[in-house]
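Let's take a walk through a protein together. Have a look at the picture first, and then we'll go through it piece by piece.

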Amino acid sequence: MIILTIESTCDETAAAVIASGPQVLGAAVATQTELHARFQGVVPEVAARAHVQRILPVIDEAIRQADIDPADLDAIAVANTPGLAGSLMVGLTAAKTLAVAWNKPLVAVNHLQAHIYACQMSDPGEIYPCVGLIVSGGHTSLYACHSATELDYLGGTIDDAAGEAFDKVGAMLGLPFPGGPSVSRAAAAGNPKAHDFPRSLVGEDHLNFSFSGLKTAVRYCLVGPGKQDFSQLDLSEQQLADLCASFEQAVVDCLVAKSRQAIRQTGFSKLCVGGGVAANGRLRAALAEAADRDGFGLVIAPPDLCTDNAVMGAVALEQIERHGYDSLDVDIHPGLQR
Ligand code: KG4
Ligand code: ZN
């Protein structure tokens, strides 16, 4: 079986051609980072318009790399939940149109299931059942993943996503967008104990996260309470590094603490991690240390499959096997379904 997968849930336009196995025959991603940089965050309307311009070239490129004819495809898969409404609509409309034009069945996939499946794509064994941690600009949540297509929500952020906190702190510090990689780079030479930032909700008997207090703590540290003007900051390189390292460590400590708690609560023996923030080096090292100490297995998606991509849409093969295809009236579901 050969499928085309389409991903346009946020600000990455991506397509891939995947054969059963799963084996990646072709994959292309067009990122919109430069379009959103001056707003220091993803602007939904800008994202949707950019998807419209990029989606067909990206699909063409994936098919060209795979060196197949569209007639060779057995199905068209598209992520239809969760995500930005306009962005999702572009991907779904493209998928439906091609399904009709090429006379192929359509299958809609869950973007969060796909993020966890990115771990399966890089692991020779079977990753399920596992605890899934998805940590990105839009999500920070834990799931009991019974199979590739059965996820139960265990807990998640009650305010900002971890990636959003990185992006906001990067913006306060005037670092290039997106803040995650920039803050992380600046943190490399810093002392993670220089500032004692809050680890909200850690130690409480549930699996929720909160990062808005941490973001506010960084703001108070920079300009003081009630102030929003970051244009006069005068930090030395070491002060910047210490602040970034302390912030990053606080985020990492929350993610590691709740992941360990989720492993204990579910009794599962494996933790699988996906989403853009999973590319973070300090997080990867801290999770590896926790896995070692507590004796659970750990699979973190490779960095290029952490950020949004269509290769992880290979989860569609499992979806087809278990639940068949979707009809052409399948819709988008922007909200996080618990
Ligand atoms: O999964 P993703 O590409 O898009 C969604 O949000 O769905 O994740 C993007 C997020 C951004 O907030 C970005 O700042 C963050 O992932 N990110 C990182 C790193 N690389 C990307 N955060 C921390 N450290 C990184 N190395
Ligand atoms: Zn994502």
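What follows is a short tour of the surroundings of the ligand and of a few annotated residues.

Keep in mind that this is a predicted model. Start at ligand 1 and look at what sits around it. You'll find 19 residues there, and the closest are G137, G163, G180, G276 and N280. Two elements give two or more residues to this shell: helix 5, running over 162-172, and helix 6, running over 179-187. Helix 6 gives the most, with four residues. What kinds of residues make up the shell? Sorted by type, there are six nonpolar, 11 polar and two charged ones.

Now let's turn to the annotations. The UniProt record, an unreviewed entry, lists H111, H115 and D308 under "binding site".

Zoom in on two of them. H111 lies in helix 4, which covers residues 111-122, and H115 is found in helix 4 too. Is H111 buried or exposed? H111 is buried, because 25 other C-beta atoms lie within 10 Å and 20 or more are enough to count as buried. H115 passes that test as well, so it counts as buried, with 32 C-beta neighbours inside 10 Å.

Who are their partners? Setting aside residues up to four places away in sequence, H111 touches T9, A79, T81, P82 and G83. With its neighbours within four places left out in the same way, H115 is in contact with I134, G274, G275 and M312.

Note on methods. Residues are numbered from 1 along each chain as its sequence is written. Chains are lettered from A and ligands numbered from 1 in the order in which they are written. This is a predicted model: local features need pLDDT of at least 70, side-chain atom pairs count only at pLDDT 80 or more; totals for chains, interfaces and linings use all residues. A residue is near a molecule or strand if its C-beta atom, placed from the backbone, lies within 6 Å of it. Ala, Val, Leu, Ile, Met, Phe, Trp, Tyr, Cys and Pro count as nonpolar, Asp, Glu, Lys and Arg as charged, and the others, Gly among them, as polar. UniProt positions are given in the numbering used here, feature names are shortened, and annotations may be inferred rather than shown by experiment. A residue is buried if 20 or more other C-beta atoms lie within 10 Å of its own, exposed if 12 or fewer, and partly exposed in between; C-beta atoms are placed from the backbone. Two residues are in contact if their C-beta atoms, placed from the backbone, lie within 7 Å.
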